[in-house]
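Here are two exercises to work through with the model open. Grab your viewer and try each task before reading its solution.

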Amino acid sequence: MITFSIDGESVSAQPGDTVLRAATAAGIYIPHLCDSEGLEPYGACRLCIVEIEGRRGLPTSCSVPVEEGLVVRNDVDAVNRVRRMVCEMLIADHPLVCLSCSANMNCELQDVAAFLGIKGSRLRRTVRKPILDESNPFYTRDLSKCILCGLCTRACHELRGVGAIEIAGRGFDSRVAAPGDLPVRESICTSCGECVDRCPVNALWAKNETVPPTSLTRTTCVYCGCGCGLELGTRGGKIVRIRGDKANPSNRGSLCVKGRFGMDFVSSPDRLTVPLIRRHGVFEEASWDEALDLVATRFNAIKAEHGADALAGLSSAKCTNEENYVFQKLFRAAIGTNNVDHCARLCHASTVAGLARAFGSGAMTNPQVEFEYADCIFVTGSNTTEAHPIAAMSIIAAVEKHGATLIVADPRRIDLTRYATLHLRQRSGTDVALFNAMLQVIISEGLADDVFVERRTEGLEALCDCVADCTPEWAAPITGVPAEQIREAARLYAAAERGSIAYSMGITQHTTGTDNVMALANLAMLTGNVGRASTGVNPLRGQNNVQGACDLGALPDKYPGYQNVEDADIRATFEAAWGVALSPHNGLTVTEIVSAAGCGGVRGLYIMGENPMLSDPNLNHVQQAMEDIEFLCVQDIFLTETAQMADVVLPAASFAEKDGTFTNTDRRVQRVRAALSAPGQARDDWAILCDLSTRIGYPMAYDSPATIMDEIATVSPIYGGISFARIEEVGLQWPCPDAEHPGTTFLHADTFTRGRGKFHATPFRVAAEEPDSAYPLLLTTGRYLYHWHTRTLTSRSEGLEAICPPVPIEIHPDDAAQQGIADGDIITVSSRRGTLRANAVLTERSPRGTVFMAFHFHEGAANLLTNDAVDPIAKIPEYKVCAVRITTAAVTDDAVSPVQEKQKNQGAAGLITTPA
Amino acid sequence: MTFAEIQTRAETASHTFFDSHHPRILIGASTCGKAAGADDLLGALPGHLEALGLNIEVSQVGCLGLCYEEPLMELHSASAPPLLFSRVTPERLGDILATYYGTGEGDALATMGPQAHGALPPFEALPMLHGQVRVVSRNFGRIDPENMDHYIARNGYTGLARALAMPAEEVIEEVKAAGLRGRGGAGFPTGLKWEFCRKAESEQKYMICNADEGDPGAFMDRSVLESDPHSTLEGMIIGAFAIGASEGYIYVRAEYPLAITRLEKAIKQATDYGLLGDNILGSGFSFHVKIKKGAGAFVCGEETALLASIEGKRGMPRTRPPFPAHSGLHGKPTNINNVETLANLPVLLERGASAFTANGTPKSRGTKTFALAGKIVRTGLIEVPLGTTLRRIIFDIGGGIPDGKAFKAVQTGGPSGGCIPPDLIELPVDYERLAEAGAIMGSGGLVVMDEGTCMVDVARYFLEFTQVESCGKCVPCRLGTRQLLQILTSITRGDSKPGDIDLMLEVSHAVKAGSLCGLGQTAPNPVLTTIKYYRHEYESHVNDRCCPTHTCEGLLRYTINPATCTGCTACVKVCPTSAITGERRAAHTIDTATCIRCDACFQTCKFDAIMKT
């Protein structure tokens with residue numbers, strides 16, 4: 001601690017703090033306009049000038065580091081005299097429209113002027129007309145209000161690594177501009193809104209913020225696994241403002257375009273507001289009693305006739321921990337089957353399987369913010385800037401601020417490659433060959449961390465045998481990566497003091513997914529890069545609460561806390577806790593449930609907040625299964641593609657309307673809080689489930705999600721110390737076994753969860769379906785920044801739709817040329833399983849021979865094409881590799897697969913009849 | 001090759017060049033010479049020589065400093081003393097050559113020999129040279145700047161050779177002992193600056209030469225680079241050795257193409273000679289230099305803006321700390337010195353600190369170059385010991401004010417400097433005394449003004465410059481200079497408000513005290529010094545709506561003197577607004593309300609009857 005004084009008042013600060021930030025922390029106001037958390041000192045507004053005893057002139061307090069005994073004078077005439085004139089200059093150049101300005105009462109220039117007692121400006125007024133740029137769908141910029149504090153440009157560069165805007169011109173002509181003074185929409189802006197958030201005078205303002213909120217609610221974002229803290233401003237039953245929660249350790253106030261601007265769905269007129277029952281082929285509105293009784297009756301009847309295992313449930317990674325707990329309890333305790341799974345099967349099942357085998361725990365080892373302090377980051381199979389934009393900020397900061405080495409192994413030239421020292425473009429589906437060759441280099445060149453291997457691991461011999469012949473020269477023709485690049489990557493990673501691996505679906509969604517994950521674990525263990533800060537193997541989780549849904553046992557083989565259902569002792573514990581006998585057998589996975597539904601194995605299906613009719617592979621097969629199933633109940637906030645096939649549809653509350661917790665990719669359990677009431681008769685998911693359970697014959701009643709969490713703590717040791725009271729301000733990272741435990745920042749510190757880390761031999765296998773003469777191109781799938789999964793939420797945002805309309809397919813220009821395809825052409829894409837239409841986007845982001853589609857769009861559902869072949873261990877489908885052909889030939893409507901057609905012909909509203 | 005061998009080789013190679021009895025023609029071909037027509041001479045010379053049957057080598061040399069006499073031509077012959085001819089035109093060329101190479105005489109300015117030749121004084125005895133001490137400019141006009149042997153033959157690189165044989169710390173001590181201060185304007189002690197950088201720990205350090213000379217009216221650095229590029233390069237290598245830098249940049253404005261060409265050649269030659277590059281003179285010290293062309297932003301002369309520009313970023317200054325000595329280019333310790341500072345070093349190291357301190361005042365040691373411009377008889381580049389008085393510079397060396405007009409002010413330090421009035425004509429020019437007078441040394445531009453200059457208009461001119469050249473980052477500089485310009489403009493247009501003068505003082509104070517970098521901190525100096533020394537002129541403008549020098553159009557009143565008006569109606573015909581009325585052969589009158597002060601009547605009247613007040 002350092003102690004110094006400001007105007008005679010003693011102030012304490014941390015070394016490295018600036019005088020300004022120390023003053024702010026101590027509650028002392030030093031006027032300023034261009035300083036902001038997370039950004040380097042800039043010194044442009046010149047309002048934070050102070051006198052410092054023994055120093056010349058008026059240094060800016062934003063740039064002076066605190067020193068012991070510093071004597072600072074802030075609120076004194078000599079300083080304020082200069083500040084007043086500077087403030088007058090700003091006012092003379094600022095439109096005096098305070099009353100009609102969106103910043104009124106919330107304007108930092110007003111604060112400064114008020115503090116200095118400005119009564120007016122004696123200076124010459126400069127008359128600037130509004131200089132509006134309204135091109136971006138989410139925000140407007142008025143340069144006439146701009147005070148050139150540079151916060152927007154710096155946030156764009158320094159924090160987000162984007163650099164869409166800069167200051168152009170000189171002197172009085174200086175202005176914030178995109179390159180060439182083009183409208184900002186035509187720049188590389190990703191609409192994250194960081195600039196809007198930082199603007200002190202609302203020269204940038206969000207278009208959807210028309211009135212200030214009357215109430216603020218701290219909660220957690222519902223999109224990806226980054227788990228950003230949100231502050232929802234509400235008024236009149238609507239969200240009127242969204243800000244990042246600066247106190248949240250994961251996002252520290254930052255948000256991406258979806259989090260900041262993509263919440264229109266909450267107030268969408270398409271929200272489900274009443275229960276629906278299908279009668280004579282069409283939906284009719286019904287009462288809750290009618291609907292729930294019908295579900296209970298049908299489920300009980302199927303169970304009575306075919307046994308409990310004829311029923312299955314898909315829980316939801318979008319719902320809270322408490323709801324997932326109640327869901328699996330409903331199926332296990334009330335119904336009596338372990339047939340409960342959720343979409344983690346489709347994203348990180350191979351992570352859970354692979355890391356559990358290697359380390360004993362399937363979660364991200366280190367939190368995302370620790371990327372910033374890694375000295376080498378190996379990113380593979382993760383398009384981080386689009387899929388996990390906030391995690392990407394830490395990766396970019398590592399490179400840009402601290403000079404870290406970034407290695408990207410990805411077939412596509414993703415944005416992150418802009419920062420990479422090395423970009424390895426392996427062919428999709430050859431990751432194991434690449435990793436084995438890196439392992440071979442590390443072993444053969446003696447780069448392994450022998451001490452770590454000796455002390456902490458086992459099974460190295462099996463690995464050595466497996467990779468002995470996997471030289472870079474062997475891997476080069478398989479992967480398409482030059483041998484020298486493989487060597488360099490291995491050396492760079494092995495040489496790192498703090499090497500961190502980040503990966504996502506590009507690794508997991510393969511028939512070799514589990515092997516891919518174990519090969520990465522091998523790399524980390526071999527080089528000693530586990531169990532310390534800023535190291536580890538870090539699977540970036542996709543959904544906001546996919547970590548929590550797994551943690552809470554929405555898995556067919558695990559009770560809450562990853563406890564095996566086939567372990568008799570554990571089962572006995574749960575039987576005691578829940579007061580019923582439980583099924584001793586593992587249940588079915590998502591992919592198995594869909595197959596079983598098609599052949600009568602599963603007759604009744606309950607789906608909460610999932611949309612397999614777009615998200616699962618080989619959609620024609622899924623559609624058949626959904627049509628064949630005897631009884632389908634869907635609980636959701638919209639009438640999704642899946643809900644449209646249901647017998648009963650139950651309207652649920654969105655994340656903004658309920659209390660609970662989400663667990664983010666950092667394993668951090670964070671609060672979700674109701675900011676609004678649910679529309680119509682929609683109810684909290686947990687409340688619906690409890691009601692249903694009671695009707696089925698197993699009464700469940702909780703007075704609040706907090707009570708559910710208390711029960712979770714008693715049955716799941718990793719959540720043992722977690723309660724709503726403890727996570728009121730900041731979340732806790734599991735494992736957190738007791739009420740005194742501070743949570744666990746990174747895993748495997750002294751010992752792996754399973755004891756010793758285990759090396760696994762992972763011999764290379766080819767993908768299930770390779771391109772051939774009939775289907776010569778490889779299709780790989782993924783996501784775009786501007787949409788979320790099956791677009792149920794993001795399609796309700798006009799802005800997101802405008803920036804990213806359906807349905808692009810990325811094709812290398814050479815491949816397009818071969819087929820005579822031009823940029824923007826509507827083309828036909830076919831695989832052995834389906835056919836669709838898409839818009840050709842010619843880009844070298846795709847390597848030759850590979851095309852890319854996102855799976856968001858029902859108008860051209862990529863999963864019509866994908867292969868439902870699965871990984872033998874994790875049962876995850878191979879979304880990332882299948883064979884397709886592209887052609888300009890006009891496709892007949894008959895040939896286009898039915899899911900697409902159904903969407904085209906029937907609007908959601910047309911399916912509903914309202915009782916007279 | 002040892003340095004002694006390099007020297008011997010250079011002396012042999014340049015022997016005839018320095019032999020004034022070896023027939024040779026030297027043409028001053030720096031930018032000043034070229035602007036005055038040196039290229040025409042160079043083009044015409046072969047024809048004349050052929051016509052005269054002469055086979056004489058022609059060499060291009062740098063600037064002798066007598067820019068007002070350009071183009072300059074120096075003739076050598078075996079039989080006559082060398083003569084310097086001024087204002088040579090292609091038309092006069094044939095006669096000059098024929099006469100000199102025929103009789104050994106000519107209508108020359110001076111002899112370049114040691115003694116007077118008839119009525120011709122030796123060059124050093126010319127009034128403009130008298131009182132000058134040429135250290136930095138020692139080679140100007142005396143060597144071919146593109147010939148490295150010439151530089152070496154005149155003791156070039158001896159200082160470097162000596163420095164390399166010393167521990168780096170001793171080199172720094174020598175520079176500290178000499179008291180050399182930065183010649184770019186701020187006057188920070190060079191040795192101290194080096195010491196900071198030397199002590200900063202890093203494997204990589206940078207040595208940068210700031211050749212972004214941007215002051216209007218200043219051309220010292222350009223002259224150094226064009227006339228003697230190796231002296232700057234040698235200084236850079238010495239500095240790099242002292243601080244431990246292995247890489248360097250010369251940041252030079254793209255508007256100096258000749259300087260860039262000569263620097264590029266100098267770098268190549270020095271590399272070929274083993275005086276630059278790896279393992280210089282076998283010392284184990286390596287240093288590589290690149291040239292970075294600036295795009296003409298005045299602010300890029302500021303150290304941190306210059307660094308940003310080299311890094312490819314927008315040229316904007318940043319806050320200090322951290323200082324470049326700790327975190328400069330690419331975050332590595334970096335030392336930045338101005339061209340003239342570096343050009344002082346070869347001699348400083350060659351002759352030692354004590355020789356350096358022989359010139360100057362206790363706090364401002366050595367000599368300083370100045371660019372004389374404006375209303376002065378002898379414009380050009382001079383070098384005098386620091387502490388020389390303004391009178392000596394302006395009147396003795398510069399020859400005073402042309403056309404018998406009175407001296408009114410001298411602006412030192414360019415747009416960041418201040419205007420010094422006649423009362424301070426005895427002011428010794430050094431860092432401290434100029435600052436006390438409200439001006440600054442700056443890089444060395446001296447713009448002289450005569451009695452016909454309006455000081456309000458001068459201030460407006462300089463503010464127009466700084467307002468445009470402000471990088472726009474910090475508020476006081478971006479908006480404060482704009483405010484000052486707006487107020488000054490309204491004063492010169494006659495629509496000022498009461499209190500404007502005091503308001504300008506307040507604004508100026510805030511801009512000076514509040515700005516981020518030197519540009520803003522000095523930008524109000526022209527306003528402050530003109531108000532300080534010429535307040536009455538401002539008051540005439542504001543209170544009486546009158547510009548005493550009749551410079552500010554907006555304040556002029558045109559009237560017709562009935563005593564001299566002949567009623568010829570010439571003015572009536574040219575007046576675009578029909579403001580002039582009157583019968584033929586009777587005195588006319590001007591309606592001031594209609595008059596737009598276009599000056600057409602004034603220029604037309606043959607009888608000086610139009611009066612401007």
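Contact here means heavy atoms within 4.5 Å. This is a predicted model, where local features need pLDDT of at least 70, side-chain atom pairs count only at pLDDT 80 or more, and totals for chains, interfaces and linings use all residues. Residues are numbered from 1 along each chain as its sequence is written, chains are lettered from A and ligands numbered from 1 in the order in which they are written, and side-chain values use heavy atoms, with hydrogens and water left out.

**Exercise 1.** Describe the contact between chain B and chain A.

Step 1: count residues. Chain B brings 37 and chain A brings 33.

Step 2: get the area. Buried area is the accessible area (1.4 Å probe) that two parts lose on being put together, summed over both. That comes to about 2,900 Å², with 58% from carbon and sulfur atoms. On chain B's side, B:R314, B:R478 and B:Q483 supply 19% of what that chain buries, more than any other three residues.

Step 3: look for salt bridges (a side-chain nitrogen of Lys or Arg within 4 Å of a carboxyl oxygen of Asp or Glu). There are three between the chains. One of them joins B:D500 to A:R124 at 2.7 Å, N to O.

**Exercise 2.** Is A:L47 buried or exposed, and which residues does A:L47 touch?

Step 1: apply the cut-offs. Buried means under 20% relative accessible area, exposed over 50%, partly exposed in between (1.4 Å probe, protein chains only). A:L47 has 0% relative accessibility, so A:L47 is buried.

Step 2: list neighbours. Leaving out residues up to four places away in sequence, A:L47 touches several residues, including A:P31, A:V86, A:C87 and A:L116.
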